[in-house]
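Thanks for coming, everyone. I'll take one structure this morning and walk through a few places in it.

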Amino acid sequence: MAEKKRKSKEESGGGRLQKKRKNSKPKTLKKRTGPRLPSKLRKELDLVNPNPLKGGGDEEINSDEGELLANNLYEYEEAAPEEESKKNRRFDSVENFEYELPEDFKDENIASDDDDIEGEDEENNRSENSSHLGDEVEEEDDGRHMRMLQGITGMPSEAFEGKKRKNNVVVSEAYPESEYNPSRDVLEGNGRISIQDLLDPLHGKSGYSKLRKRMHQVERKSMSVHAPLPKADREKLERKVAYEQSKKDITKWEPLVKKNREAPTVYFDEDVDLGFSTVGAIASEFEPRTDFEKKIASLVHDDKVLEAHRQDGSRLLELNKISVEDVKERHNRIAKMRSLLFNHEMKAKRIKKIKSKTYHRLLKKDRLKTASAEIQMDPEAAKELAMKQEFKRAEERLTLKHKNSSKWAKRILKRGLDVQDEGTRAAITEQLHQHALLTRKMHSMKDISSDESSDDDDFDENSAGSDEDGASKLLAKAKEKTLEVLEEEDKIPDSGVLSLPFMVRGLKKRKEAAYEEGKLAINEFEASLKQMELGSGAENLKETASSGRRVFGTVKKQIQEFSNKDAHYNNSDSEDEFKVKENIEAANDQNNNLPKHVDIDAGLLREESEIGQDPIFKSFDDIVRDPGPKTTHEVAMFASGSWKKMKSENEANGNIIKPPKSVEPPRHNKDQGEVGGDSDTDDEGQMVDGTLSSGMKATYELPSQAELIRRAFAGDDVEEDFEKDKEEILKGENPEPEKPVLLPGWGQWTHVQQKKGLPSWMLEEHEIAKKKREEALKKRKDAHLKHVIVSEKLDKKAEKLHTKTLPFPYTSKEVFEQSIRMPIGPEFNPAVVLGALNRPEVVKKAGVIIKPIKYKDVNPHEGVEEHGQGGKKQNTKKSKGVGGKTIKKTNNLKR
Amino acid sequence: MKVKVISRSTDEFTRERSQDLQRVFRNFDPNLRKQEKAVEYVRALNAAKLDKVFARPFIGAMDGHIDSISCMAKNPNYLKGIFSGSMDGDIRLWDIASRRTVCQFPGHQGAVRGLTASTDGRILVSCGTDCTVRLWNVPVATISDSDDSSDNSMKPLAVHVWKNAFWGVDHQWDGNLFATAGAQVDIWDHNRSQPVNTFQWGNDSVISVRFNPGEPDLLAASASDRSLILYDLRMSSPARKLIMRTKTNSISWNPMEPMNFTAANEDCNCYSYDARKLDEAKCVHKDHVSAVMDIDYSPTGREFVTGSYDRTVRIFQYNGGHSREIYHTKRMQRVFCVKFTCDASYVISGSDDTNLRLWKAKASEQLGVLLPRERKKHEYHEAVKNRYKHLPEVKRIVRHRHLPKPIFKAAALRRTMTEAERRKEEKRKAHSAPGSISTEPLRKRRIIQEVE
């Protein structure tokens with residue numbers, strides 16, 4: 001009953017539409033069912049033709065019956081709805097199938113033979129007769145239809161069957177079973193009927209075998225279609241699939257993109273279309289613009305000429321004719337020009353040949369006249385003339401042409417001026433006058449410098465005339481002067497800028513240095529004076545002394561090395577002994593040192609003759625430093641007793657430890673020694689003697705090396721020196737706060753100040769500053785390291801050249817440093833590699849349109865070859881930014 | 001005694017022309033030149049300074065519109081042409097070289113919101129708030145065309161009226177389709193008066209749409225519900241949606257890397273995404289101090305330009321967190337649209353002050369023809385600068401920009417805010433049980449959800 005209801009509902013709904021369609025296409029039906037009559041009509045029909053099976057009350061049969069009747073009555077066949085006919089493709093077939101078919105199917109029992117569904121079969125079975133009838137009719141109908149199709153298309157019937165089979169799908173109930181939607185089984189309360197049952201009666205009919213075959217197929221691969229999911233879920237799934245698909249599609253770009261990213265340079269200027277660049281192409285585009293060009297063009301593009309060109313060209317000659325007058329005129333013109341040119345040439349030649357002095361004089365005069373006139377007229381010429389004059393003067397100064405230096409003048413002078421006639425004399429005087437005129441300026445300039453040179457000359461004479469006496473005198477004089485200077489320096493200026501405290505401090509410092517140097521100089525003078533006194537006979541001694549002095553460092557070393565051996569030389573403190581030893585040592589070193597020292601001595605002497613102090617000091621200092629500083633350095637380190645420790649600290653800290661500081665004490669020490677040595681020979685002997693004597697004592701005990709050294713440096717406290725140095729450096733780097741100074745009237749009222757002394761805030765400030773300094777000192781890296789100075793002075797200039805942190809793409813310091821190690825400039829690299837080194841990351845040309853990327857297959861392993869070409873630039877780029885990341889990820893994917 | 005004499009072949013040492021350079025031989029032994037690093041450092045420094053000296057990015061303004069410019073489109077086939085649409089419905093075609101209007105396209109009743117040109121540059125598509133899509137024939141550019149500028153207004157090829165106002169349009173690369181953004185994304189064909197396809201996902205209106213130039217069937221759109229949506233034309237369905245905390249004003253695909261696109265967001269940042277991994281941004285490009293209105297990739301794919309509501313135009317590296325360059329002038333107002341020219345050497349911005357402005361993409365680039373030696377010198381300077389860019393002095397000079405006061409202050413304020421936020425987060429983390437609070441990176445923080 002429910003079915004009936006539904007049907008009637010639909011009928012009432014769709015009746016109008018169907019009627020409308022009725023006439024449009026009655027014959028192209030796929031499925032045929034009874035007409036959809038209004039219920040009223042149907043009732044009437046029922047009345048007219050009461051059905052014998054009405055007791056069953058089944059609608060289907062009714063309708064079937066009705067169909068027959070209807071055929072009679074209306075000749076009606078239901079048209080397929082437009083959606084299904086697919087006449088215009090505005091309706092989506094798939095959707096139609098999904099949305100409408102279930103309902104359609106259920107309500108209207110489509111009676112075509114391809115819809116062999118259980119439900120229908122059951123019905124058919126139930127009302128066997130009628131259904132048989134209907135089936136037969138349908139079968140027949142179908143056969144007809146098939147034949148018709150075959151007739152039209154000329155294709156076998158099987159081709160059309162396939163089309164039909166499409167619909168041959170079992171569709172289960174669209175809605176879950178419930179009381180509103182009972183299944184047919186429930187409704188009819190009947191058992192199942194197999195397809196075989198249905199087929200049996202058809203046995204022997206025309207389409208039976210075909211039907212049976214199809215049935216077999218259906219049975220073999222029957223499938224059920226599930227109920228569609230809710231729309232939202234369906235769409236979600238669709239989107240997911242779409243995304244996955246597009247994801248997969250995009251991924252194909254990966255190797256290409258990766259390759260581009262890794263490439264040191266990307267080129268975008270490759271296919272530049274320059275158009276035609278041949279001469280002909282350019283010429284063909286030429287358009288005459290100026291009058292001349294147009295004229296030429298009109299001649300060239302003349303029809304006749306073109307015609308002639310196109311033919312054999314013989315006519316060109318004809319066209320090439322020129323009139324006789326034209327030729328004559330041209331000839332005349334050229335002849336005239338030539339003759340003019342020739343005349344001019346001849347004239348110039350003749351003038352050039354003239355030797356007459358008067359003529360030239362006149363010519364010159366003329367020229368001068370015009371020149372002078374010109375000068376008055378325009379400043380430019382005047383300037384030129386001035387330049388010329390200047391040049392002449394300079395030339396005169398250079399060549400002294402007019403200073404009687406010519407052959408002629410010399411000859412005349414040789415013969416005597418008095419003997420000459422007046423003309424010659426006049427000429428000579430004239431020449432001298434000329435010279436005077438030309439060189440006047442020069443004289444005026446030379447005046448000053450000549451004075452100086454005379455001074456120099458004096459000095460030179462002095463120096464030249466010096467002998468040994470002179471030398472001694474000079475030395476004495478030098479000594480005096482040095483002393484004088486030293487004394488002079490003691491005076492402290494007590495007014496002006498120099499009296500300011502910091503200036504005073506600075507002066508003091510400088511003075512101390514100068515004083516020391518002065519003292520050294522005096523010592524030196526004395527020494528050399530003594531040497532002078534000893535005379536040249538004592539040269540040997542001097543030599544040894546000097547060598548002793550100069551190779552002091554090495555001497556010490558030798559002492560260390562051969563202390564045991566030396567022991568028996570040092571039996572006594574006598575000078576002889578010392579000398580012997582000295583000599584031996586000298587002999588050892590002579591080969592190396594002697595020539596050098598002699599040389600230095602000579603230099604010394606020369607320099608000593610000069611009064612200037614600084615050069616002496618300088619040279620002296622140089623000499624002092626001369627003997628290998630390395631040895632002294634080592635000794636000092638060793639002597640300080642912390643050699644090993646220092647080294648370990650060195651390594652631990654990794655900081656800038658100032659080696660020169662630790663070198664300094666020994667240098668001082670050595671200086672002292674040297675001073676002693678230089679003061680006089682005896683002193684030196686004693687000094688060395690002292691050390692040696694201590695060694696001598698030890699000969700019996702054979703003291704250890706360390707002991708020896710300790711004794712050797714017993715006098716000078718290296719550690720203390722070092723401490724002092726450190727303190728000084730600390731003061732330099734963390735300066736002590738200045739002591740508050742009472743300035744009357746500043747900071748507080750004067751009377752209060754007088755009573756209380758310094759204002760409290762000043763003291764407080766001072767205290768705070770002190771504390772701060774102490775804290776800063778404590779924080780220093782070398783605060784707890786006794787024998788180390790770690791400088792915390794930052795070199796601002798060097799700081800500029802360091803990065804504070806490791807730049808982003810780099811992962812280690814070494815790599816970064818490596819990346820900037822090699823220069824890339826044209827001065828440091830050959831031109832061949834220069835382009836590759838400096839090439840930018842993107843090479844493009846202005847005015848060239850860059851198209852988006854086009855897909856091409858890239859072998860992901862191909863990149864390796866290019867790496868080699870790219871060089872080291874590649875490495876830096878590789879791990880840059882996002883690029884690096886994706887690359888890594890893709891690698892992971894591939895693995 | 002054997003005397004060694006330098007022997008040189010005349011062929012090698014004779015110049016072909018008098019202008020040729022004399023051949024110079026150098027000894028490249030590194031022991032001979034030990035100062036090379038110092039020398040190059042100083043050169044880098046000088047190059048950086050010179051860059052600053054020659055930085056003259058602004059070329060000129062294109063004046064003509066009478067209302068603020070809302071959108072622009074470049075002609076993919078013709079370098080000198082750029083289209084601009086304004087809020088009063090006026091569309092103009094400009095000649096960049098002469099900076100003059102070539103012709104106008106009158107017809108829109110309301111604001112023009114979207115402009116795009118077909119790949120062959122023959123057809124211009126415009127759409128606007130008057131619910132129409134108009135197709136125009138682009139006049140073929142010749143030399144004679146640019147001379148007369150009096151009566152060259154064009155008639156539309158077609159006018160399609162549709163149901164809703166439009167917010168944007170973009171043309172497919174090398175195809176016949178274009179997409180409009182409005183209440184939904186519609187795909188149109190040149191020859192149809194109705195959209196051939198329509199995508200709707202959610203009910204919020206779509207603000208911008210952009211086709212992927214490398215993969216022409218893929219397009220991305222941003223909607224006013226703060227979402228980014230990917231569509232695939234082959235599947236004729238949307239693919240994925242990404243919801244962020246703030247709205248995305250514009251999208252641009254990287255033309256050289258079809259999987260990557262960058263979204264210009266309302267929160268002053270740009271976010272680069274890989275279309276395959278939308279759960280986190282590849283890179284966050286920060287520097288603007290107000291909403292980023294438009295974005296366009298350079299055709300080289302190595303950088304992109306953004307225009308912002310803070311009245312500046314910035315150029316970013318495709319993988320750089322901060323901008324390489326900032327452009328501003330006194331008279332430039334809110335920037336609504338920016339474009340890179342097709343040869344990647346100029347940038348064009350359209351702003352509220354009715355002007356289009358033409359900028360150089362590289363501020364200190366020398367225009368005009370360069371001699372090979374000149375070019376080499378520039379390259380060397382660039383390379384040296386690039387090499388020492390990490391050293392503080394060079395870095396300072398290269399990074400320094402003179403900013404308008406409001407922007408400088410706003411940037412400082414933003415910095416303090418983010419810093420404060422960071423500190424707070426840090427403290428919170430420090431004072432709670434270890435592992436209970438996890439900080440998300442900024443690349444993820446702004447993403448709310450990835451919807452399937």
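**A walk around chain B**

Let's start with one residue: Pro406(B) counts as exposed, because its relative accessibility is 55%. For that scale, buried means under 20% relative accessible area, exposed over 50%, and partly exposed in between, with a 1.4 Å probe and protein chains only. Pro406(B) belongs to helix H5, residues 405-430 of chain B. Its C-alpha atom is 9.7 Å from that of Val289(B), 117 residues away along the chain.

Some ground rules. This is a predicted model, where local features need pLDDT of at least 70 and side-chain atom pairs count only at pLDDT 80 or more, while totals for chains, interfaces and linings use all residues. Residues are numbered from 1 along each chain as its sequence is written, chains are lettered from A and ligands numbered from 1 in the order written, and side-chain values use heavy atoms, leaving out hydrogens and water.

Now the whole chain. Chain B has six helices and 29 strands. These are DSSP runs numbered from the N terminus: helices are H or I with at least four residues, strands E with at least two. Chain B has 452 residues, and 51% of them count as buried.

Next, helix packing. Take helix H2 (residues 36-53) and helix H4 (residues 392-399) of chain B: their angle is about 10°, and their axes lie 9 Å apart. Axes are lines fitted to C-alpha atoms, for helices over the stretch in contact, and angles run from 0 to 180 degrees between N-to-C directions. H2(B) and H4(B) are therefore roughly parallel. The cut-offs are under 35 degrees for roughly parallel, over 145 for roughly antiparallel, 65 to 115 for roughly perpendicular, and oblique for the rest. On the H2(B) side, Tyr41(B), Leu45(B) and Ala48(B) are among the residues that meet H4(B). Contact here means heavy atoms within 4.5 Å.

How does H2(B) pack against helix H3 (residues 372-387) of chain B? The angle is about 110°, with the axes 8 Å apart. That makes H2(B) roughly perpendicular to H3(B). Residues of H2(B) in this contact include Glu40(B), Arg43(B) and Ala48(B), and those of H3(B) include Tyr380(B) and His381(B).

On to the core. A nonpolar core is a set of buried Ala, Val, Leu, Ile, Met, Phe, Trp, Tyr and Cys residues joined through side-chain atoms within 4.5 Å. Which residues touch the most other members of the largest one? They are Leu228(B), Leu230(B), Phe261(B) and Tyr273(B), out of 32 residues. Both chains contribute: helix H12 (231-251) of chain A and strand E16 (227-232) of chain B are among the elements that each supply at least two residues.

That leads to the interface. In total, 61 residues of chain A are in contact with 65 residues of chain B. The buried area is about 5,600 Å², with 61% from carbon and sulfur atoms. Buried area is the accessible area (1.4 Å probe) that two parts lose on being put together, summed over both. Arg239(A), Tyr243(A) and Ile250(A) supply 12% of what chain A buries against chain B, more than any other three residues.

Most residues other than glycine have a negative phi. Ser236(B), in the loop between E16 and E17 of chain B, has phi near 45°. Ser236(B) is partly exposed, at 39%. Ala344(B) has phi near 65°. Ala344(B) is buried, at 3%.
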